[in-house]
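Subject: Structure handover

Hello,

Here is the structure I promised you. Please open it and keep it beside this email as you read.

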Amino acid sequence: MPPSPSDHETSHTSTPEQISSTDQRVYQDIFEMLPGVDNPTPLVRINQLNPCETFTLYAKLEWMNPFGSIKDRAAAQMIKALEANQELSATRGIVEPTSGNTGLSLAALASVKGYPMRAVLPNKVPLTKKLLLRLAGAELQVINDELCPAPGLGDGSINMAKTYAKAQSTRYVMPNQYENQNNVEAHIETTGPEIWNQTSGQVTHVFVSLGTCGTVTGLAKFLKSQNPEVRVIAVQPSEGHDVPGLRNISQLEVSKLYDADLIDELLEIDFRLAYQNSMELFRKEGLRAGPSSGLIFEGARQAMKSGAEGVGVMIFCDDIFKYTDSYARHFPELLDGTEP
Amino acid sequence: MADYADPNVLVTTDWALENLETEGVRFVEIDVDNNAFDAGHIPGSVGINWATELNDPVNRDIVSREQLESLLSRHGIQNDDTLILYGDNNNWFAAFGFWILKLYGHEHVKLMNGGRVKWLNEDDKPLTTDQKTFPTAHYSAQEMDTTERALVLEVMQLSANRTANLVDVRSPDEFTGKVIAPPGMTETAQRGGHIPGAANVPWSTAVNQDGTFKSLDELKQIYLETAGVDPSKPTVAYCRIGERSSHTWFVLKYLIGLANVKNYDGSWTEYGNLIGAPIEKPTATTASV
């Protein structure tokens, strides 16, 4: 733990350890940089794009986490739990199905700690994310998940990861972000308290997307325990979407963490708006938000109609950098002027 | 399972678990994803690669009698063994293997109901990476019986005369020609659409969430009542390369009990490329992509 500011006041000689301070953003290692109440990710207020004067809207910038997404929280919590049970070693690593962000967080954390990591991912994941996983030190296994739609077939990547964990249990353990309660706990212990503190308990609405559902379930549990009136508004992309990491309700059966009772409102948003809105957020607010954030922003915009009042927090899961190819696909005009 | 026309062609995962060591029972995994077997498989099973071991790439045909004999002998499979086939994607290629084994006269062959995904998701079912080896056998296949194999000229004739039920088991997007093949597939065709007169019943409508086959009543409802398959006529199932249609062939022949069912394994990669073969494509007026 970093020393408190008072420790510095009473100290006359500064050693590198003693200058460690999250207030000053000096960390002794990357694990210390992981978020929590004492080291929250920033909230940034939406100004130009806020259509409702009576509603204060913030974006929580989860790309400010060490490995660039909200998934750092769940990954750290899941690894902590596995370590507590002595399930990880230099020869027994992690296997996890992932669309990218959880894999990247797990791979980076595992690498630094000396654990092997195999990421099993659907082919549709952008090349950039696949390369990032390789750069972080993970082995990849890419699965074609879209051969021919079948109810109950499940995700090929989930089943392949389960295969490794079951058949090669001396080499791999599968955190399974879709079922692991630590994914929920991470948000009960960090994201929820951060928001509560950062808004001085004034938060009235949170806007989240649905993927593994660890975020929505953990946040809802914590915030409603502080104030049962807090409204949890979840957005889902329309069917046929190409927003990485998100799931439409029809795709949610793989997540055992989804609890419909905790969600006050579920909005289905045309997935194309995810891309349109996030570009707007970048240009008008300077927020380099990724497509899932664009979808969440649309949810907030819709919920703020008709003169709503309160303080809303949108969870912006990651930034735009990993998805530039997807933007070029949605907006071919972006490619204009990119060649000499 | 007991209600099916021939319940003996299926075993449950529980039966499989109890018979892993049974003499004369052999487990064979055949997957779409040929990496799956190496990642983990049922103890004692052998893996067959559909692309290189069930097809003859030189002749663009299913495996020859001699090739099949060599394959099964190499795996120590005897003629009187009971073969339990299973695989990923709810037994797509396991059903393809079943169909080929039947063409070559293997008597005792069954599918494990639910396939690989059901086994994987049941806590009491083990997986291993150990590769068990068996003494080489001397498997002797019969001449190929083509009664249940449709070839393209026959299919064109049946389509033109409307004298058979043509069941296109691909996804609706493939059937309508919106896509030529599922994403990521290398085997495609010049044109998207379907064989004139075909009804679209995606293979997956025959399976439950856990990967097992639906009940007989449900299957009859799907194929006979909703899709209008006439049991008094011959039926031909097709897809893109013949594996998904093997799955539906299995359903129609063994579970519902239709008398005359064929698998057209040339399927869309053959028909869709054929010069002079008319297609139907609801989204366009001309027969083009």
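Below are some ground rules, then the interface, the sheets and the salt bridges.

This is a predicted model, so local features need pLDDT of at least 70 and side-chain atom pairs count only at pLDDT 80 or more, while totals for chains, interfaces and linings use all residues. Residues are numbered from 1 along each chain as its sequence is written, chains are lettered from A and ligands numbered from 1 in the order in which they are written, and side-chain values use heavy atoms, with hydrogens and water left out.

**Where the chains meet**

Start with contact, meaning heavy atoms within 4.5 Å. On chain B, 32 residues are in contact with 20 residues of chain A. Together the chains bury about 2,000 Å². Carbon and sulfur atoms give 57% of that. (Buried area is the accessible area, with a 1.4 Å probe, that two parts lose on being put together, summed over both.) Ala39(B), Leu120(B) and Gln209(B) supply 27% of what chain B buries against chain A, more than any other three residues.

Between the two chains there are 7 residue pairs in polar contact, both residues at pLDDT 80 or more. (A polar contact is a pair of N or O atoms within 3.5 Å; within protein, one must be able to donate a hydrogen and the other to accept it, and residues adjacent in sequence count only if both atoms are side-chain atoms.) Which helix of chain B gives the most to this side? H6(B) does, with 4 residues. (Helices, H or I with at least four residues, and strands, E with at least two, are DSSP runs numbered from the N terminus.)

**Two sheets in chain A**

One open sheet has 6 strands, in the order E1-E2-E10-E7-E8-E9, with mixed pairing. (Two strands pair if DSSP finds at least two bridges between them.) Its edge strands are E1 (43-45) and E9 (265-269) of chain A. Strand E8 (residues 231-237) of chain A runs parallel to E9(A), joined by 5 bridges. Ala234(A) stands opposite Leu266(A) in E9(A).

The other open sheet has 4 strands, in the order E5-E4-E3-E6, and its pairing is parallel. Here E5 and E6 (172-173) of chain A are the edge strands. Strand E3 (residues 93-97) of chain A pairs with E4(A) over 4 bridges. Ile94(A) has Met117(A) as its bridge partner in E4(A).

**Salt bridges**

Side chains of opposite charge can pair when their charged atoms come close. The rule for a salt bridge is a side-chain nitrogen of Lys or Arg within 4 Å of a carboxyl oxygen of Asp or Glu. How many are there over all chains? The count is 28. Between chain B and chain A it is 0.

One of them joins Glu139(A) and Arg118(A), with the closest N and O atoms 3.2 Å apart. Glu139(A) lies in strand E5 (residues 139-143) of chain A and Arg118(A) in strand E4 (residues 117-122) of chain A, so the pair ties together parts 21 residues apart in sequence.

Best wishes
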